[in-house]
Amino acid sequence: MNRRLIWLMGCVAGIFSCWLFPLFHVVTLKTATAEKAAATFNATLFAEMFWTNQLPTALEKTVTAQILLPAIQSDAAAAKKKFSRSLGLGEGYFYFLRGEGKIISVSDDELILTVTENSTNAEISLQTGLIFGNALRDGTGLLSANDYPNSQDFNDISAALNHIVETRVLPELREQAKVGAKISFVGCAEVGDEATDLKPLKVIPIQTEVQ
Amino acid sequence: MNANTKELFKKLQPLIALVVMVVTMSLLSDKFLTIANERNILLQISVNLCLSIGMTLIILTGGIDLSVGAMLGLAGAVAADLLKNGLVLKVFGVVLQFTPFGAMVAGILVGLALGWFNGIAITRFKLPPFVATLGMLSIARGLTMLWTGGFPVTDLGPKFGFIGAGFFLGVPMAVWISAALVVIFYFISKRTTLGRYIYAVGGSEKATAFSGINVNRVKIWVYALGGALAAVAGLIVTARLDAADPKAGLGYELDSIAAVVIGGTSLSGGRGSILGTVLGCLIIGVLNNGLFLLDVSPFWQQVVKGFVILAAVAADKLGARRE
């Protein structure tokens with residue numbers, strides 16, 4: 001009898017606890033699917049909104065290549081301090097720049113440009129192959145990792161932005177690019193290793209116009 | 001040295017070892033005796049402590065459980081998945097969306113069920129504990145991979161994460177949980193009928209059975225509790241990482257057995273205590289932390305830990321032979 005009473009009291013306590021702290025909620029499959037879709041971060045949609053709404057307003061904040069490249073040449077550290085952005089504690093940094101130049105070489109993966117007057121050197125390498133890295137996401141300074149609790153979401157933005165450039169900017173650019181043509185561009189450059197990434201400066205194009 | 005002094009010395013062996021290690025480490029590294037480091041050691045041992053409490057009860061009955069690490073992984077994965085994706089019941093067209101509390105209860109029930117299965121295999125089918133739990137190790141690891149598809153379940157939210165990464169009164173929640181379990185299971189082992197039965201079964205299974213105690217039921221309970229405690233450890237690991245890693249708990253069973261043995265519990269059963277296991281966990285924690293602070297290679301750390309375990313078992317065997 002005593003044992004039965006203990007079991008009964010245990011069951012009552014269990015039911016009361018479950019009422020106080022529910023173990024689960026029952027929702028229909030349809031509602032759950034809709035809720036999940038709404039809660040899931042859609043990096044493609046986010047990148048699309050960023051590309052059409054946020055990015056155009058930031059294009060004015062770029063430094064011109066005609067100012068940046070001489071500054072890098074005379075004092076790379078000072079140019080980095082004045083014009084670049086960096087994230088976290090890493091050594092890498094980014095330039096968000098615009099410029100006009102002349103195409104001196106065309107290959108599958110890059111267009112080589114000269115941008116300063118009377119120069120024949122390879123000064124800018126516009127990347128036209130597959131786009132990797134976080135230059136587009138981090139170079140503009142519009143997005144911060146702190147706004148994304150999930151680092152995977154933040155990484156997905158990078159991939160989505162790179163995909164937009166690969167599918168919308170590069171096909172037209174590759175088609176129009178010819179040696180000797182004049183070109184204006186806006187883009188982001190990631191400098192991981194100054195020895196290899198500055199000469200020429202590797203730029204991922206965001207906007208281009210070949211004349 | 002008379003018998004009483006010898007007995008006292010034997011009981012105090014783990015404590016003396018711990019004090020010697022703490023003094024040595026604090027002399028060798030100025031970072032060792034800082035509050036932040038002590039908190040770090042407590043946080044690091046909290047998972048092993050949960051596992052080792054259950055392992056102590058099992059070893060006290062003369063058994064062993066090699067599947068605690070695998071059960072830890074499965075319980076964490078199930079809890080995380082139920083929290084993240086819920087339980088889809090297509091037949092009824094509904095989804096059970098688990099609350100953090102519900103997911104934790106489900107995880108613990110998974111551990112309890114697997115432990116119970118271990119107990120049944122050992123008592124009803126008369127399998128040696130080593131073999132039965134080795135089988136469960138493989139089953140639980142496989143089920144974890146099947147459940148998760150081999151991928152981690154991430155982004156579980158702050159409410160769930162609180163038990164692994166949260167603080168209460170400046171002390172990590174994981175430490176509070178393991179401390180509460182120590183108190184509860186110390187009480188169970190020393191002050192309840194089940195506790196006395198556990199020691200009795202480990203002391204002499206035959207004599208216990210002849211005195212009318214249902215030995216099988218005691219063993220099933222002990223293995224089920226061991227599974228439930230492994231599940232609690234799994235929840236802490238999952239909450240701390242904010243992710244259920246399908247490979248979580250790999251090799252944890254060895255650390256837990258080591259802590260129990262170093263803490264003075266006899267592998268042949270019937271002798272030992274929860275408090276000894278706490279000291280065993282602290283010794284392993286201090287050893288790991290101290291060697292890390294002294295910049296000893298992780299490979300050497302394993303070698304040193306192995307020797308400490310061997311020394312503890314040898315001391316236990318020598319003591320038993322003299323008795």
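Three strands form an open sheet in the order S1(A)-S2(B)-S1(B), and the pairing is antiparallel. Please keep in mind throughout that this is a predicted model. Now, which strands stand at the edges? They are S1 of chain A and S1 of chain B, residues 87–89. Each has a single partner strand, so one side of each is left without a neighbour in the sheet. On average, neighbouring strands here are turned by 25 degrees against each other, if you ignore direction. There is also a helix packed on this sheet: H2 of chain A, residues 29–39. H2(A) touches S1 of chain A together with S1 and S2 of chain B, and its direction makes about 100 degrees with that of S1(A).

Let's zoom in on the place where the chains pair. S1 of chain A covers residues 24–28, and it pairs with S2(B) in the antiparallel sense over 5 bridges. If you want one pair to find on your screen, look for Phe24(A): its bridge partner in S2(B) is Phe98(B). While you are looking at strands, here is a handy rule: in a regular strand the side chains alternate between the two faces of the sheet.

Now step back to the whole contact between the chains. How many residues of chain B are in contact with chain A? There are 13, and they meet 11 residues of chain A. On the chain B side, strand S2 (94–98) and helix H4 (100–123) each supply at least two residues. S2(B) gives the most, with 5 residues. By class, the side of chain B that touches chain A divides into 7 nonpolar, 5 polar and 1 charged.

We can follow H4(B) from there to another helix. The axes of H4(B) and H10 of chain B, residues 215–241, come within 7 Å and cross at roughly 145 degrees. That crossing is right-handed. The contact of H4(B) with H10(B) has 17 nonpolar, 10 polar and 1 charged residues.

Is Met136(B) buried or exposed? It counts as buried, because it has 24 C-beta neighbours inside 10 Å. Leaving out residues up to four places away in sequence, Met136(B) touches Ser67(B), Ala70(B), Leu114(B), Phe117(B) and Asn118(B).

S5(A), residues 124–127, and S7(A), residues 201–210, pair in the parallel sense over 3 bridges. In S7(A), the bridge partner of Ser125(A) is Lys202(A). S7(A) is also joined by 7 bridges to S6(A), residues 182–191, and these two run antiparallel. There, Ser184(A) stands opposite Glu209(A) in S7(A).

The peptide bond from Lys199(A) to Pro200(A) is cis, with omega near -5 degrees. Pro200(A) lies in the loop between helix H8 (194–197) and S7 of chain A.

Finally, two residues in chain B to compare. Lys126(B) has a positive phi of about 55 degrees although it is not a glycine, and Asp242(B) likewise has a positive phi of about 55 degrees without being a glycine. Where are they? Lys126(B) lies in the loop between H4 and H5 of chain B, while Asp242(B) is found in the loop between H10 and strand S6 (243–244) of chain B. Lys126(B) is exposed, because it has 8 other C-beta atoms within 10 Å. Asp242(B) counts as buried, because it has 20 C-beta neighbours inside 10 Å.

Conventions:
Residues numbered from 1 in each chain as written. Chains lettered and ligands numbered in written order. Predicted model: local features only at pLDDT ≥ 70, side-chain atom pairs only at ≥ 80, totals over all residues. Contact = placed C-beta atoms within 7 Å. Helix = DSSP H or I, 4+ residues; strand = E, 2+ residues; numbered from the N terminus. Nonpolar A, V, L, I, M, F, W, Y, C, P; charged D, E, K, R; others polar. Pairing = 2+ DSSP bridges. Axes fitted to C-alpha atoms, helices over the stretch in contact; angles between N-to-C directions. Left-handed = near helix turned anticlockwise from the far one by under 90°. Buried ≥ 20, exposed ≤ 12 C-beta atoms within 10 Å, placed from the backbone.
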